[in-house]
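These are my notebook entries on one structure, written as I looked up its parts.

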Amino acid sequence: MSATRAGTEGGALGPGLLDVFSDFVGELRASGVPVSTTEVLDATEALRQLPLSDRQALKSGLAAALVKEEGHWRAYEALFDLYFSLRPSPGAPAGAPAVEGESVVTLTPGELAERAYKALLEGNVEALAGLARAAVARFGGLEPGRHLSVSYYTLRTLRQLQLDDLAERLAASAHEATGLEGALLANDYRRRLAQLRADVEAEVRRVMVSERGAGAVARALRRPLPEDTDFMHLSREEVAALQRTVQPLARKLAVHLARQRRRRHEGRLDFRATMRRSLSSGGVPVEPRFRSRRRAKPELWVLADISGSVAAFARFTLQLVYALSSQFSRTRSWAFIDGVDEVTGLMREADDVAHAVRSINTAADVVWEEGHSDYGHAFSDFVGRFGKELSPRTSVLVLGDARNNYHAVEAWALAEVARRARHVWWLNPEPRAYWDTGDSVLAEYGAHCSGVYECRNLRQLRRFVEHLT
Amino acid sequence: MAGTAEEARFESPSAVNDSLRAVGYFADEGTASVVFLADRLAKPVLVEGPAGTGKTQLAKSVAEMTGARLVRLQCYEGLDESKALYEWNYKKQLLRIQAEQVTSGGETWGELEADIFSEPFLLARPLLEAIRASDPVVLLIDEVDRVEVETEALLLEVLSDYQVSVPEMGTVKAQQIPLVFLTSNNTRELSEALKRRCLFLHLDYPSPGREREIVLAKVPGIEAALAEQVVRTVQLVRSLELKKPPSVSETLDWARTLVLLGVARLDADVAKETLNVLLKHSSDIERAAKDLVTTER
């Protein structure tokens, strides 16, 4: 480790703060953020050097030492707030919170909502924060000893504040302005509403932390990191968070793969070229020459089950595959539920895969009879219509959970695909333990595949793609 | 190796913020406290974030505000030791040997060898230059994600111990610990070893308030009302799902264009006509043009 400019002015840390800090680091590790011992030491030193009164500086300073990936910031921020920002400080005023000098106890819900509307219109940040505190005290109904569900109490408070109604009124008021100003106002209001929501949630957390301690709340709130989140159960925010992670990941993978391809060109010794070159050094083969190996890029066909349960998984995988399309000579894709339809055109037209997947749901003809997954029919249909175009250069990727709803399996169809294509890979977003239980018939299909992989989160998906190319 | 409190460059994070402002860099709270810590902990800073958020400029501004010389190593694929650390000036060495033969002085081979592998024959490349400097320097290692993983290892000795080992001469240690900034556009995963040695700073697009300050400071002759509108529009555009969201420099270009065109108030038509300054993809321009007038989404 490097010597530090040991600051004489940085005071010694009290044992209380160190305890809180080590609990904090423990919880950070428990949520999956990798923190090494060196980094903990750096953070401790940072804690000594930074002015403790400046929470914002402390937050970003500790993050600089502990969190080395942008995707982990949200997890860090939530925990930091629990352990440092939301702690009850000894100097805080007690009693019911007040808005503009009045005690809120006397305000009716309608009046409180009215004030919120006014603050939202004006963009008065302090008033909004005060209102959030007041609303939680008034409507949160946080009872000691109840279950630690932040989202429940947040929703409950927001409903009492008539948030949906507020949003509608704001949208209507933005609509009165014309042209650009209207669009700008609408955007401002959206942001302020999100701010109010965040304020209310922070306040709920603060109350819980003061009652139950940061550790308990942190454990109750623990969520996997975006790359470890299960594709099968994504909340809307998690989809958005994952979306932000996929894009850089795809770009990184594409750069990595392109570099590998460029570097791996040396092949076997080229005897003739070596001899020819040796003439310039009097027949001594000083510099061996190698035949460069041309690796043909594979053609990739993706067959994606887009029925409800696995749609999110299909979406992220398609997005990754298309971001990597320069690594394949050609990429084609089909979507199926119980019927199958080629969506290559749709994917190409849309400038963004997220939009493409949305339009697939409306434009592609993937439902044959009832709209429940029927792999057997989809595969036999596929072989009948496109089987002839498969060639030994084609690799086929099947995305789905193989839950066939007890329809005919028709494994021969997949066998036919496997016979004509170079590889058939199957990615299943379900945990391995669930395979072949209930209506899952993965084993019967898997017998014809070159490989069947569990692919529950972005980490596993990434590993597979690296292996694929 | 340095290590006393007198050498601390900055008083507090807010002092860093003020000095950065004085040289025209509008940092957010986080940036200032990371720069402050970089000095106090003697650690390099790895700055990551989307293009055009002022990563390189941060290093330049820190150099300017501390009155230090900026030593810059631009990374690229294929960067090697002889371009990053040092190289022996072999032409000069050859000349030296030939001169020896001509004058046929009484030097033995041992003496000669010691002579040609010494300071005068060494070509210092940026990393060594920064380490050897006796004047204050800020070392900027730009776009570190462009070098291969193997080449990254070259940096580790410099970054953790502030020294460079030259086998023929021994180890060169830093006379004073320079402030080091590495920037990355995140095109690949940097190695754990590198990340562990650095403080990490993610620079994102600025908040509306900060961006307004930047526009007012960098675009001469802009009215406050127009600056406000420009920033709000840019914020709206960034919230759309675009291929390439506008960076700060593009905001500034746009604001300058509007000032040149003599626009006093932004409306939907003017905005649409000049969107091509702000956005670089035609699909993005279409998308934004659509969303700039509709209030319902």
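Entry 1, a strand pair. I started in chain B, where strand β1 (residues 45–48) and β9(B) pair in the parallel sense over four bridges. I record here that the model is a predicted one.

Entry 2, the sheet. I then asked in what order the strands of this open sheet lie. The sheet has five strands in the order β2-β5-β8-β1-β9 (chain B), and the pairing is parallel. Its edge strands are β2 and β9 (199–202) of chain B, each of which pairs on one side only. I found an average twist of 20 degrees from one strand to the next.

I next looked up both partners of β5(B). Strand β2 (residues 69–74) of chain B is joined to β5(B) by six bridges, and the two run parallel; in this pair B:Arg72 stands opposite B:Leu140 in β5(B). Strand β8 (residues 179–184) of chain B is joined to β5(B) by four bridges, again in a parallel run. There I noted B:Val138 opposite B:Leu179 in β8(B). Is β5 (residues 137–142) of chain B mostly covered or mostly open? I found it mostly covered, with five of its six residues buried.

I counted 14 helices and nine strands in chain B. Its radius of gyration is 25 Å, well over the 19 Å that the globule rule gives for 297 residues, so chain B is more spread out than a compact globule. The C-alpha trace of chain B spans about 90 × 45 × 35 Å along its principal axes. Of the 297 residues in chain B, 37% are buried. I also looked up the contacts in chain B between residues at least 6 apart in sequence: 75% of them join residues at least 24 apart.

I turned to helix α5 (residues 109–122) and helix α6 (residues 125–140) of chain A, which pack at an angle of about 160 degrees with their axes 10 Å apart. The cut-off for roughly antiparallel is over 145 degrees, and α5(A) and α6(A) are therefore roughly antiparallel to each other. The crossing of α5(A) past α6(A) is left-handed. Among the residues making the contact I noted A:Leu112 and A:Ala116 of α5(A), and A:Leu128 and A:Leu131 of α6(A). Arginine is present on both helices in this contact, as A:Arg115 of α5(A) and A:Arg138 of α6(A).

Key:
Residues are numbered from 1 along each chain as its sequence is written. Chains are lettered from A and ligands numbered from 1 in the order in which they are written. This is a predicted model: local features need pLDDT of at least 70, side-chain atom pairs count only at pLDDT 80 or more; totals for chains, interfaces and linings use all residues. The radius of gyration is taken over C-alpha atoms; the globule rule is 2.2 Å times the number of residues to the power 0.38. A residue is buried if 20 or more other C-beta atoms lie within 10 Å of its own, exposed if 12 or fewer, and partly exposed in between; C-beta atoms are placed from the backbone. Two residues are in contact if their C-beta atoms, placed from the backbone, lie within 7 Å. Two strands pair if DSSP finds at least two bridges between them. Axes are lines fitted to C-alpha atoms, for helices over the stretch in contact, and angles run from 0 to 180 degrees between N-to-C directions. Angles under 35 degrees count as roughly parallel, over 145 as roughly antiparallel, 65 to 115 as roughly perpendicular and the rest as oblique. A crossing is left-handed if the near helix is turned anticlockwise from the far one by less than a right angle, and right-handed if clockwise.
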